[in-house]
Amino acid sequence: MGEQQQGQRPSAVGRAPAGCADQGAPADAVPGVVLLAAVLAAGAGTMTVELAAVRLLAPWFGASAGVWTNVIGVVLLALALGYLLGARLSSGPRPAHRLATLLLAAAVCAAVLPALAAPVAKVFMPTGVPLHEAAELLVWGSLAATAVLFLPAAVLLGAVGPLAVEATQRAHGGGAGRAGGRVLALSTVGSLVGTFGTTHVLIPSLGVRATFLVAAGALFLAGAAVGLAQRRAASVGGGLVLMALANGLAYHPPGAREGETELAAVDSPYQRLRVIESGAGDERMRQLRVNESLDSFQSVWSPKAGLLPPGHYYDHFALPLAFEGADGPPAKWRVLILGLGAGTTVRVLEGVVDAATQLDIVGIEIDPVVLALGEAHFDLRPGPGREYIGGLDARVALALTQGEFDQVVLDAYANNMEIPPHLATREFFGAVARVLRPGGWLTANVGGFGAEDPVVSAVSGTAASALGVPVQLARVPFSRNVTLLARISGDVPTPGSAGWRFAPGLDELRPALEVPGAWSTVRPGSETERREDTPPVLTDDLCPLDWLQLRSIREARERWLARS
Amino acid sequence: MAGALLIAAACIALASASHAGAQDASAADDVHARVAAGDLVGALQRARDVHAPGLAARLEAEVLWSAGDLNGALAAAREGLVAAPNELALARLAADLSLALDLAHEARRHVTSLARDVALLPQGDSDRDWWLGQLAALESSTSAAERALEARDTALSRARSLGSILIAATLGALLVLLRPERRA
């Protein structure tokens, strides 16, 4: 940038020579502090728009690594274009005037983004697409929506830097390096403020729409300050009018479908959460839906505790109690739930456990807002024998956990269908074994299309290898889920074996598990027998679960297309 | 003499078929009773013992459906339709299962085949009206599934083209701006 700007600067626009600011400021000179404050605001606004962009799109496209990558990529590309645009604009007269105009335009862009999100997202994500059909659409749709929505604002914000450097240098002298360094430093500090402020303060306390309005407000104030310093009241007034109009526009994320009622909708630090109720009377069901959700849900509630209607994998978490209770209920049953959600598993276990059994549950949920919604809408009640911990990662919680459990339930998911990679590795399953008593049970929910599925194969093989015991896979009826069962120093009963007996009240789980193909076994040391194209054992070092997840969906589609 | 033998043979075959038919009817009742009692493995074995391939496949698909194995049920229905392509109930079941699995194209195939077979039912047949009603419901669900699939494909194609165009245009603009400015 330096050569062109320096070559044109004094003679072309008749400004004071470099380094001679005190000898007479140029006509559009803006106080240095105002320029640097504007740069700070632009830095903060850029990061706020970028981070909140993912959250703005999440109700339609989720917040997976693919969506994050698309948003970051598009914003970086737009910033690159903005830098060059700013460099071009800075070579003309009155860079500070252009800086003000760009900041005001960026403010208006940021303010209208929440209102534009729904109409743009719907163009690329029609309603009614099932989760297993949506993988490509989530990637391409989020890329297109990001480009349409965020390219303009990011280009404008990118142009701020070069213009601010030029305006600073012309008004206050010094070399390009000095002006550039000051602008870059303040811009980076602003980005830092925007990064922390958006994730930890703005979105959790104000929500997504207001976060964009705060960013727009900061950009507007910066633009207004620079504009007013140049007596450009008309531009500022125009920007103010547009901002006021944009402020009146609403953000419309997806709501309840026909026949449903939305009981709550809230943005947590991690995701957008909605509590949806359908049905009436004893037939009522509530679902906790996360981000795009499509046809999936994170937690479910029905008026009666205990087993849920067919198609809900949570019922399989009662299988250890079914087997161990066949000869009489255990005196005590201590359960650690990693991925508690709003407490569906708790409610299932509470409903099926024998009155003679003392049930103690420790539940870990990374998102504290999910726990709050669980207490408000899903009958999740902390108390004696019920310890629920929010805001803690399951792996960290596992490392901190003391004592022995009869059962560990793993039901942690990110982005509706991805097991967090650090909760599927040999090291993780080793840590699970540490907290289970001899004969204790690991039960895990794994999303996938049967035992041959790449994700199911990799996770079950890893668990078998890490625990050193056979792992059983039980197909969940009417769903895309498989339940993984393993027992420390013990055997899980299999259909037809002597131990295949169920406690009274849980026998209804048995018939569907006895159907051929519903149950399969993965033995430790069978890594070489499994799929050659998946890692034999997932480790903290190599755990490509997101890649396996995409393959799982693609292969399921290909299998069905081939068969039909 | 030969004619009498042929008639006798036909009578024996008819009686045998009728006996098999009666056996099948009772087997179907037995399958349903076993499903109700939670003996799905027994029900599956009983279904596979049924003589009529269409009925056997339908019963097997129904048992697997009740066990929540939709993929297995559809596979059984498909195999049954190969052996008994004109079995109306089986075609209807296959269409229902295809819809439950979001396989709109396959559902359309079964609905088309079902429509062809229902059209062959004699006018005034008491079953005909019932089947026409079933067909209309399936037709409506299949059309909705096809529309959803089409909407998905359209959205995907739109996202691919527009996303690519915008990224390419931005890169192009970037290259243009990278060129040195012309001096006056």
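In the predicted model, the secondary structure of chain B amounts to seven helices and zero strands. Read from the N terminus, the elements of chain B follow the order α-α-α-α-α-α-α. Chain B has 184 residues, of which 34% count as buried. Among the contacts in chain B that join residues at least 6 apart in sequence, 47% link residues at least 24 apart.

Chain A contains 16 helices and twelve strands. Along the principal axes, the C-alpha atoms of chain A fill a box of roughly 95 × 50 × 50 Å. Of the 564 residues in chain A, 54% count as buried. For contacts in chain A with a separation of 6 or more, residues 24 or more positions apart account for 78%.

The two chains touch each other. On one side of the interface are 31 residues of chain B, and these are in contact with 40 residues of chain A. The elements of chain B that give two or more residues to this side are helix 2 (40-49), helix 4 (70-83) and helix 7 (126-178). Helix 7 of chain B supplies the largest share of the side that touches chain A, with 17 residues. By residue type, the side of chain B that touches chain A consists of 19 nonpolar, five polar and seven charged residues.

Within chain A, helix 2 (residues 32-61) packs against helix 4 at an angle of about 5 degrees, and the axes of the two helices are 11 Å apart. The angle is under 35 degrees, and helix 2 of chain A is therefore roughly parallel to helix 4 of chain A. On the helix 2 side, the contact is made by A:Ala38, A:Ala42, A:Gly45, A:Val49, A:Leu56, A:Leu57 and A:Trp60. These residues meet A:Leu99, A:Leu103, A:Ala106, A:Ala110, A:Leu113, A:Pro114, A:Ala117 and A:Ala121 in helix 4 of chain A. The residues of this contact comprise 14 nonpolar, one polar and no charged.

Strand 8 (residues 405-410) of chain A is largely enclosed by the rest of the structure, because six of its six residues are buried. Strand 8 of chain A pairs with strand 5 and with strand 9 of chain A. Four bridges join strand 8 to strand 5 (residues 332-338) of chain A, and these two strands run parallel. A:Leu410 in strand 8 of chain A has A:Leu338 opposite. The pairing of strand 8 with strand 9 (residues 436-447) of chain A is also in the parallel sense, and five bridges connect strands 8 and 9. Here A:Gln407 stands opposite A:Trp441 in strand 9 of chain A.

Several loop residues were also examined. A:Arg94 is located in the loop between helix 3 (65-90) and helix 4 (95-124) of chain A. The phi angle of A:Arg94 is near 50 degrees, which is a positive value in a residue other than glycine. A:Arg94 counts as partly exposed because it has 19 C-beta neighbours inside 10 Å, where a buried residue would need 20 or more. A:Gly174 occupies the loop between helix 5 (135-172) and helix 6 (176-206) of chain A. With 15 other C-beta atoms within 10 Å, A:Gly174 is partly exposed. A:Gly174 and A:Leu76 are 98 residues apart along the chain, and their C-alpha atoms are separated by 29 Å.

In chain B, B:Asp102 lies in the loop between helix 5 and helix 6 (104-119). Phi of B:Asp102 is near 60 degrees, again a positive value in a residue other than glycine. B:Asp102 has 19 C-beta neighbours inside 10 Å and so counts as partly exposed. B:Ala84 is placed in the loop between helix 4 and helix 5 (88-100) of chain B. The number of C-beta neighbours inside 10 Å is 19 for B:Ala84, which therefore counts as partly exposed. Leaving aside residues up to four places away in sequence, B:Ala84 touches B:Pro53, B:Gly54, B:Ala57 and B:Leu90. Of these, B:Gly54 is 30 residues from B:Ala84 in sequence, while the C-alpha atoms of the two residues are 5.1 Å apart in space.

Methods: Residues are numbered from 1 along each chain as its sequence is written. Chains are lettered from A and ligands numbered from 1 in the order in which they are written. This is a predicted model: local features need pLDDT of at least 70, side-chain atom pairs count only at pLDDT 80 or more; totals for chains, interfaces and linings use all residues. Two residues are in contact if their C-beta atoms, placed from the backbone, lie within 7 Å. Ala, Val, Leu, Ile, Met, Phe, Trp, Tyr, Cys and Pro count as nonpolar, Asp, Glu, Lys and Arg as charged, and the others, Gly among them, as polar. A residue is buried if 20 or more other C-beta atoms lie within 10 Å of its own, exposed if 12 or fewer, and partly exposed in between; C-beta atoms are placed from the backbone. Two strands pair if DSSP finds at least two bridges between them. Axes are lines fitted to C-alpha atoms, for helices over the stretch in contact, and angles run from 0 to 180 degrees between N-to-C directions. Angles under 35 degrees count as roughly parallel, over 145 as roughly antiparallel, 65 to 115 as roughly perpendicular and the rest as oblique.
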